[in-house]
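How do the helices of this model pack against one another? The report below takes up that topic.

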Amino acid sequence: MKNLLKKPWFASLCAVICTALWGSAYPVIKYSYAQLDIASVADKLVFAGVRFVLAGLTVFIAAWIRRRAVPTVERRKIGGIILYGAVQTGLMYILNYIGVAHTSATKTSILTAASAFFAVLFAPLFFRGERLTARKLVGVIVGFGGIIAVNASGLDGGFSFSGEGLVLIATLLNTAGSFIGKRVAKGRVFEATAYQLMIGGALILLAAEPMGGGFVLSAQSLLLTLYLAFVSAAAFSLWTALLTVHEAGRILVFNLLIPVFGAVWSFIILGERQIFDPMYLVSAALITVGIFLVNYHKKFPKPLSFFE
């Protein structure tokens, strides 16, 4: 599987699949909030915490079956795995949910998409062999421009620490978490993913406990939670695997596709028709060009390669 992940076309396909799965989570979460009467930040945190704990357990069981042994990690990596879960899932989602409650969906989309910019900008500082080139910088700016193009009408110029500030910090934590995962997950992708999801989910539940959040347990809530757990389990496992064999910037720039897939899935699941707005086509085109520029690596006599 690792050798297959190194192939340019397969790595690109896997990255797109991950973003398509994460994009589907947005309308499903929105649908879940409406159906399960989840309104407060505390309720949303409990729902997210349960989702991530279940996702971690799913990956844990899959790894157990795959290796026919209880999933373990090297002792020297335990601290890194705990940090991975705390940053990538726990703190990131806690701050994100609180921030989203105090700002608009438009600003959230733009600030969240900034993770691709941070990844390309900061990856060379942490990983030997990754370089910041003019082409990569232009690519991520073009892609980020696609997000702004479709959301510009919703910007009002306001900024508050409890809203936009926390979402921006969460975006930085998401990038940092990906960098940590790239370092600690080598050779133990499923194990690292399982433990980081369970640790992160547990932290979210601990944060929500004093707030008294919760949601109604029913067959419907179980099915919705299980689907979202599957999305997290599958996407995080595959994403982490990609990060261990490719440059962080080249993978994380695909995050720009999440809002695009979110709009597509919102039409399919919720009937929202914003995907037919011409600006969404412009946005998708700019994002595609941006991803191409970040990943393009010209090396003769080989053909165009996305992940050399």
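## Basis of the model

This is a predicted model, in which local features need pLDDT of at least 70 and side-chain atom pairs count only at pLDDT 80 or more, while totals for chains, interfaces and linings use all residues. Residues are numbered from 1 along each chain as its sequence is written, and side-chain values use heavy atoms, with hydrogens and water left out.

## Individual helices

Helices here are DSSP runs (H or I, at least four residues), numbered from the N terminus. Helix α4, residues 78-100, has 23 residues and reaches 31 Å from its first C-alpha to its last, close to the expected 33 Å, where the expected span is 1.5 Å times one less than the number of residues. A kink of about 35 degrees in α4 is centred on A86, the bend at a residue being the angle between axes fitted to the seven residues ending there and the seven starting there.

The 27 residues of α3 should span 39 Å at 1.5 Å a residue, which agrees with the 39 Å between its end C-alpha atoms. After α3 comes R68, with a positive phi near 55 degrees.

## α2 with α11

Helix α2 (residues 8-35) packs against helix α11 (residues 258-270) at an angle of about 50 degrees, with the axes 7 Å apart; axes are lines fitted to C-alpha atoms, for helices over the stretch in contact, and angles run from 0 to 180 degrees between N-to-C directions. The two helices, α2 and α11, are therefore oblique to each other, a class for angles that are not under 35 degrees (roughly parallel), over 145 (roughly antiparallel) or 65 to 115 (roughly perpendicular).

The contact (heavy atoms within 4.5 Å) includes W22, Y26 and P27 of α2 together with F261, W265 and I269 of α11. By class, the contact of α2 with α11 has 12 nonpolar, 5 polar and 1 charged residues.

The residues of the contact of α3 with α8 divide into 21 nonpolar, 4 polar and 3 charged.

The axes of α2 and helix α9 (residues 219-245) come within 9 Å and cross at roughly 155 degrees, which makes α2 roughly antiparallel to α9. Their contact, that of α2 with α9, comprises 21 nonpolar, 5 polar and no charged residues.

How values were computed
Nonpolar A, V, L, I, M, F, W, Y, C, P; charged D, E, K, R; others polar.
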